[in-house]
Amino acid sequence: MNRKIILLLSLVSSSYFFAQSIEGTVTDLQNKPAPETEVLITKADTQFSAITDEKGMFKIPLKEEGSYIMEIIKDGVKTNSETITVKGNSKKDIQIKEVPVEKKIEGVTLTAKKKLFERKVDRLVFNVENSVASQGIDAVEALAKTPMVRATDDAISIAGKSNVAVMINDRLLNLNGQELINYLKTIRSDDILKIEVITTPPAKYEAEGKSGLINIILKKNANLGWNGSIQTSGSYYGGRPTTSTRSGTTFNYQGDKLSVSGNLSMGDNYWENRSHNYLTGTTDNNYWKTNSTNRNNYRYKAAGIKGEYKINDKNLVGINYNYSFNNPLEKGESKASIFDQEGYLDVLSNYSNKNRRNVHNATAFYDVKLDSLGSKLSITANMMLNNSNARNFYNTITSDQVSTFANPVSKYRIYSGQADLEKAFGKVKTEAGLKYTKIKNDSEFNFFNIEDDQYILNTKRTNTFFYNEQNYAAYASASFKINDKLDAKAGLRYEYTTLEGISMNDDSSAKIEYGKLFPTAYISYKPNENNAFSLSYSRRISRPYFGNLNPFKFYISEFEYSTGNPYLLPSFSDNFEFGYVLNNNFNVTLYYNYNKDNWDRIQVVEGKSKYSIVKNFYNQDQAGINISYNYNKLKWMESNIFVNGYYAKTKSYDPAALAAPEGYSANFNMDNNFFLNKSKTFTLMLGLWSNLPNRDGNTYYYANASVYTGMKLNLMEKKLSINLYVNDLLNTNRNKGIEYYPNYNVEYLSKGITRNIHLSVTYKFGNNNVKGATKEVKFEDSKRAGGGN
């Protein structure tokens with residue numbers, strides 16, 4: 001009886017203390033509901049807040065009646081502010097203003113400036129829509145203007161990281177390499193709301209990869225209807241008989257229930273590379289000097305379709321399918337001079353490789369919203385199928401000629417299923433999930449000697465390799481607002497992996513099982529609007545590509561081959577970061593990374609044979625600082641400057657390779673945009689990047705730099721975009737370095753046709769506010785496929 005009385009008194013007192021409330025609907029400029037908008041009610045030191053639901057509705061219980069300040073915050077920007085009086089249950093509908101809020105203080109008018117950078121508890125946010133220089137370009141070019149990110153037509157990376165994974169709307173793209181670049185070029189920067197740089201990913205994301213994540217958030221659908229675009233581009237290489245071209249089209253449809261997006265693209269990318277590889281003995285006079293020329297023609301066709309169906313306000317289902325076909329043609333020749341105690345030998349070799357690859361990506365998802373606080377359950381299934389078949393011809397010429405033919409066939413399958421739950425408990429937001437992944441790769445390598453135009457199977461060099469991997473993962477995390485200035489987030493992820501590799505040629509196998517914990521922790525402090533601090537920690541894993549686990553020998557000539565390592569283990573990293581953002585456009589990050597059991601490919605000489613093998617052989621410490629600044633105080637210019645300075649120290653624990661000397665290094669990037677008219681539709685671009693000498697593992701890399709310039713023109717109310725620019729204007733971009741070993745050093749130089757003139761034209765038609773289906777599905781495991789047959 002006493003318990004019932006206490007419960008009754010609690011309910012009565014709760015009703016008494018919250019006997020009044022404010023509710024209403026928030027709409028945008030078109031009087032349409034504005035979901036996911038923060039409504040903030042303030043009185044003295046007390047604050048109450050709510051996030052609008054899909055219909056733009058909100059309701060905030062209040063402890064007392066009286067006068068309050070009501071503020072509307074959309075995408076981190078305050079749009080409305082007014083004083084209201086609450087008496088009982090009040091109703092207030094608000095329409096978001098287009099211009100920033102103005103407050104008059106002692107006769108001075110202050111305008112709330114839109115933020116360019118924002119430091120969140122676990123990521124740095126670049127608000128693309130607030131950067132004039134980032135409009136009218138594609139997503140790759142927008143990434144190049146993002147703090148801490150370097151993006152080119154070849155690769156995307158984060159400062160202090162080796163490579164990077166890219167997400168769209170918090171869902172990882174099932175693409176890598178050239179396919180990733182091609183897809184990002186179909187996304188226009190005008191459709192991007194913001195880009196999030198996540199250098200220490202939270203527990204929700206796969207622990208795989210030391211490079212961090214980039215999350216591209218697209219603008220939400222504003223109107224019903226359809227639109228499309230046509231793009232074409234080409235690059236001309238001075239003094240070369242060929243060019244690279246790309247053409248594509250996109251289509252988006254947005255209805256009341258159904259959203260559909262599709263894209264088609266095809267291209268013909270050409271590149272040429274000249275390289276020198278000089279191996280010289282440090283304990284004797286032996287040497288192995290090779291000069292090579294390689295020409296590649298990457299021909300591809302790709303198509304994709306995404307569909308989403310909104311069952312009701314709480315339930316969303318969708319599918320995503322991408323197909324790509326490419327048949328790159330690779331040709332090359334090299335001349336090697338070999339000298340050892342047995343004498344001198346000249347070796348000429350050439351090759352002609354024609355590949356065919358078919359890749360299918362399919363995903364399906366179901367999302368259900370559990371309440372108005374943002375709680376959500378997501379269930380996802382993923383599948384990736386890859387079939388590749390190559391015809392590789394090699395000739396080795398000494399006093400006579402040896403001709404061979406190799407036919408590598410690879411079929412890999414990746415399947416995964418996962419469930420993610422987001423649940424809000426007042427100020428605490430939690431995330432939890434489970435995931436299962438299965439990877440299966442059947443690799444067959446057929447090797448033939450060619451004698452009198454007859455193909456004779458070489459059983460000693462022919463092999464079949466089977467690889468099977470299973471990964472089980474579970475995670476949980478919580479983020480909470482300690483007070484108005486302090487936020488925190490912590491999480492823990494556990495992954496258990498079993499793998500087996502079987503080589504039929506030598507009847508060998510390797511079985512490995514391991515389970516690891518991956519903790520993450522973040523805290524951020526924002527004393528005022530102009531300053532933000534953050535501190536974070538995460539542990540990551542880098543698993544080898546399964547192609548690097550195949551022990552079979554892939555012969556390049558009769559004297560050179562490469563091989564994998566079935567006993568290759570994953571490497572781990574611990575990452576610490578301290579970040580600071582000043583005035584929303586000046587960012588400073590201090591970082592420290594400890595990498596254990598790193599793996600890389602090393603070169604080994606045995607007599608007149610040379611081969612490369614992937615091995616775990618070094619640990620590495622790296623500490624540094626990166627600084628990025630956006631200068632936009634002049635109406636006619638916007639500049640982005642980025643500097644990354646660091647100190648790296650490596651320790652090799654394998655006698656086959658020596659660690660590169662420890663030391664300091666730095667990266668520098670400057671991107672300038674000069675607006676030649678008041679409407680800022682005609683822009684002159686000038687930029688440069690530079691890398692000072694640096695080291696990694698047993699390799700010392702020399703300095704490198706490049707300058708680019710061009711122009712950007714937006715016509716017909718930005719429906720027609722024309723970009724013309726020159727890459728590597730001074731033709732200085734090249735890779736040069738030296739690898740260290742106990743008895744010899746290997747110096748190398750690689751120079752491609754990096755100087756080119758690039759022209760791209762994009763025309764958009766239909767309703768530009770329509771975005772179609774924008775949800776991507778998380779499928780991190782597809783990255784593991786890139787690296788071998």
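Residues are numbered from 1 along each chain as its sequence is written, and side-chain values use heavy atoms, with hydrogens and water left out. Because the model is predicted, local features need pLDDT of at least 70 and side-chain atom pairs count only at pLDDT 80 or more, while totals for chains, interfaces and linings use all residues.

Helices (H or I, at least four residues) and strands (E, at least two) are DSSP runs, numbered from the N terminus. Two strands pair if DSSP finds at least two bridges between them. Strand 16 pairs with strand 15 (residues 165-168) in the antiparallel sense over two bridges. Ile168 stands opposite Arg171 in strand 16.

Antiparallel pairing is also found between strand 1 (residues 20-27) and strand 4, over six bridges. Here Thr25 stands opposite Met57 in strand 4. Strand 4 (residues 57-62) has a covered face made up of Phe58, Ile60 and Leu62, and an uncovered face with Met57, Lys59 and Pro61.

A nonpolar core is a set of buried Ala, Val, Leu, Ile, Met, Phe, Trp, Tyr and Cys residues joined through side-chain atoms within 4.5 Å. Buried means under 20% relative accessible area, exposed over 50%, and partly exposed in between (1.4 Å probe, protein chains only). The largest nonpolar core has 34 residues, of which Leu143, Ile156, Leu184, Ile214 and Ile216 touch the most other members. Among the elements that give two or more residues to this core are helix 2 (139-144), helix 3 (177-184) and strand 18 (213-218). Domain 2 (117-218) and domain 3 (246-770) both give residues to this core, so it lies between them; the domain bounds come from an automatic or database domain assignment. A second, separate core has 25 residues, including Ala336, Phe445, Val604 and Tyr744.

Side chains of opposite charge can pair when their charged atoms come close. With a salt bridge defined as a side-chain nitrogen of Lys or Arg within 4 Å of a carboxyl oxygen of Asp or Glu, the count comes to 25 salt bridges. Lys92 and Glu82 form one of them, at 3.2 Å from N to O. Lys92 is partly exposed at 25% relative accessibility, and Glu82 is partly exposed at 32%. Another salt bridge joins Glu342 and Lys608 at 3.7 Å, N to O. Glu342 lies in the loop between strand 24 (329-340) and strand 25 (343-369), and Lys608 in the loop between strand 37 (586-606) and strand 38 (609-631), so the pair ties together parts that are 266 residues apart in sequence. Glu342 is exposed, at 67%, whereas Lys608 is buried, at 19%. A network of salt bridges links Glu206, Glu208, Lys435, Arg493, Glu495 and Arg543.

Asp452 counts as exposed at 74% relative accessibility. Asn731 is partly exposed, with a relative accessible area of 33%.
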